[in-house]
Amino acid sequence: MTAIAAERYTGASIKRSEDPRILTGAGRYVDDIKLPGMLHAAFARSPLAHARVLSVDVSAARALPGVVAVLTGADLDAMTVPAPDPLLALLGGAGPTPEFTLLATDKVRLVGDPVAIVVAESRYLAEDGCDLVEVEYDDLPPVMSAAFALDPNSPPLFANLGNNIARPHSRHEFGDVSGTFASADRIMDFHIDVHRHQNVPMEGRGCVASYDVDLGLMTVYAATQSVHITRNGIAARLGIDADKVRVLAGDIGGSFGLKIGASREEQAVAAVSRHLGRPVKWVEDRGENLTVSGQAREESFDVRAAISGDGDLLGLDVKMVIDTGAYPGMGTMVPSIVEAMLPGPYQLAALGFESTGAITNKATYVAYRGPWASETFIRERILDVIAKELGLDPVEIRLRNVAQRTDPPASMITGRPLAGVTTKESLERVAQLADYPAFRRRQAEAREQGRYLGIGVATFIEAAPGPRPPGPDGTLGMESMRLRLEEDGSVALFTGQMPHGQSHQTTLAQIAADEFGVPFEQVRVVVGDSDVVPFGLTGGSRSATMAGGVALHGARQLKAKVLDFAAYVMEASARDLVITDGDVWVRGDPATAIPVSEIAQRAASGQFGADVDADLEVEATFDGGQGGWSGGTHCAIVDVDVETGIVKVVRYIAVEDCGALINPAVVEGQIRGGVAQGIGAVLLERSAYAEDGNFQSATFMDYLMPTACDVPRIEIEHLQTVPLDDDVNFRGVGEGGMIVAPPTVVNAIEDALTPFGVRIYEQHLPPGRILELIAAADPGR
Amino acid sequence: MDITLKVNGTACTGSPEARKTLADFLRDDLNLTGTHVGCEHGVCGACTVILDGRAVRSCLMLAVQAAGSEVTTIEGLAVDGELGPLQQAMWDAHSFQCGFCTPGFVMQATAFLGDHPDADEQQIREALSGNICRCTGYQSIIEGVLLAAERNRARSGRP
């Protein structure tokens, strides 16, 4: 193994370099941008879920003093060109391609669909203008369920498709599905629903677009997970070359998958700025964020499980229907990931998987922290139900089925090798920490007093970034970074990562500081300028490995280059030189030390001929090395009040393995935040629609999120086993908490309600639903 | 309407429209963009400022209602570039991630600790339960406030 040069910072909970600005109000979020002559946009939006647009009258809005322009869907259509969603374009989403315009022209397809954009001297005036936009609609029947969408008689949302199928039905088989089911001792059937909920970053979407008419250059200040994907989306829609668009991003107030690329609204704002030749700001309000920014997870599953009499899960046959909402987004891609990940860390002999995507009059399906998470939910849910049927303990059935760690590693039946997966160890450790026998005693005592405690466990693995695919061409993608030694002695890292809470300006600096040999404070991490940083995206829990890895390798390359140059100016051999604490010196002779800043200043002096490489900058790339999985086991203990239906999570334990930790406090923050979202998803959050398509959770009084009183202390223990790569064994933790907390909590609730015989096949369990489940299971109550 | 108020110790004047919220006035008219607007309906607490000693939601107040008042925003807590004790404790405790909810939590906790220097964890959780953070799961925030309280007690020589 090639160790990091000096592990002074890597592995320690170094205080974040982001915090001094964030804690003093000096962060720069998109709504803080103020440009000379800047106008403000607001959108007039549809109050109906599905309707033809008969006419749009903007004359009264245009006449309002302070309103500068009002543009309709037809106006925008005339000044832009059709373009696919930039994330879909990047990932190569195939399948039906609905035709639609940036703002509604012929019809509206969800409550909140934008119909016109009003641009005014202030946001207040722009919203006044929206109230004056008169739209005449002709109601169409709303398509509010996947079942109705897949009915050939449902009215198609998109005329060019002729039906409401976003992803045509497909079926794939891995292993011998029919043979496995034919020889199983038992076959069990389940129907499981996962409800619609959503990202809800505390900062919504927004941008400031500023077009320079003379230069033909568009500058967009964005809230995004990737300045380049946003740039591509804006450029494609405006019909100009990508190099005519510069996207800048500062601090970003969370995203969780929502802010990738450029939304229709953001593209419209850019088009209007070009049209007017003035900067235009749009920042969505919370109502817009909840109603139209995007939602996730509305999926249903018919699951058949083939089981042996003693509890081996032999095979699964799954039918998935996903409600992708109105417009193209992540939803059409999700079933393929669910299929690939469904076996999890368990050894299945066979998997049949079929899926269909349905288009409905609801908000578009977007990526939300672990977009494929439902595979973990259904797997970990049915394992508990099977265990109950067979009289096994939940930990026992999991230990029984988890793939053994072998060399070479076992592979998931869907193909990926389970290299370095430590599910077994995490299960055993969780059982120890929770002290199962002691809990069961407490549970029995509590039940005698009318208190219903429950314990639940669930495991997960997270491709963060995933194992290196087998074969010589196997690659996990490529991450780039430019690194430069500046004349002030600082090491600048230019990364395409676009942190929005992940603390990259701290973590990447920790790694580079150790490897290069400068104090942490001497590393500057530059993000958020599409003209300056290499292509990148913060998402998919990839950055610990990919960006961490390129920071390590890049710092090593830069150091070699600096030492070569230093050897020349110091008249020494590069092999004898070291860099520590920001000084270059001849090993064994501290008196020779000179600051790296002096070396950089010498290099910048321009006094060297072509035979000396004085360009102290490198472009590094990293292919992910051996990659690997993150994963672990979570455990929740809940207290269910069977009179009120209120569930309290009283204890929560996470045993995780994300390889080598870069910054434990940052890792634990990611885990806790994900778990909090998972607790919210089960106990509180639901994006709710009425049958007529009206959106019912458009405020924080209706869309409830966990508060400090709803989330318990989360106990975390790290397993750091099985290094796979020579030197890059950091793995991501962005999504795991949100992936595994829902089944963990639901399993605990079902355990608490065992005396009532309750079986749970759904994920959203607010108090009213808990009471219904108890009543349905025990009609005598 | 012309108003005069004191913001972070400095007298300020302005002429906001009657309907302008205090949050928008601070951000747009005074360029104090540290106060964040998260929901505009008083639930999330991101816009919390301290007005005449009490934590208030600046999205639910009109600027004109603040006439004659003393307002402290997140920009007013660090003195001469030195973080205030709560800010320092929250830095030490890794309290935050994306930072959007941060000003609201810091202002709410500042007001609460001022009145309840000996608060325990449960009291702090309840006091901050009107502020929403989507990133952290709250534990690190609570730890930051507890750490600040502990240091305050040590500084004042109390147990």
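I started with A:Arg297. A:Arg297 counts as buried, because 26 C-beta neighbours lie inside 10 Å and the threshold for buried is 20 or more. I kept in mind that this is a predicted model.

I then looked up the backbone of A:Arg297. Its phi is positive, about 80°, although A:Arg297 is not a glycine. I placed A:Arg297 in the loop between helix 10 (286-292) and strand 13 (299-307) of chain A. For context, most residues other than glycine have a negative phi, and most peptide bonds are trans.

Next I checked A:Asp435. Phi is near 50° there, again a positive value in a residue other than glycine. I found A:Asp435 in the loop between helix 14 and helix 15 (436-448) of chain A. Is A:Asp435 buried or exposed? A:Asp435 is exposed, because 11 other C-beta atoms lie within 10 Å and the limit for exposed is 12 or fewer.

I turned to cis peptide bonds. The bond from A:Asp407 to A:Pro408 is cis, with omega near 0°. I located A:Pro408 in the loop between helix 13 (394-401) and helix 14 (423-434) of chain A. The bond from A:Ala464 to A:Pro465 is also cis, with omega near 10°. A:Pro465 sits in strand 16 (residues 452-467) of chain A.

Last, I went through the interface. I noted 43 residues of chain A in contact with 42 residues of chain B. On the chain A side, helix 1 (19-22) and helix 19 (664-683) each supply at least two residues. Helix 19 of chain A gives the largest share, six residues. I recorded the make-up of that side as 19 nonpolar, 13 polar and eleven charged residues.

Definitions and conventions: Residues numbered from 1 in each chain as written. Chains lettered and ligands numbered in written order. Predicted model: local features only at pLDDT ≥ 70, side-chain atom pairs only at ≥ 80, totals over all residues. Contact = placed C-beta atoms within 7 Å. Helix = DSSP H or I, 4+ residues; strand = E, 2+ residues; numbered from the N terminus. Nonpolar A, V, L, I, M, F, W, Y, C, P; charged D, E, K, R; others polar.
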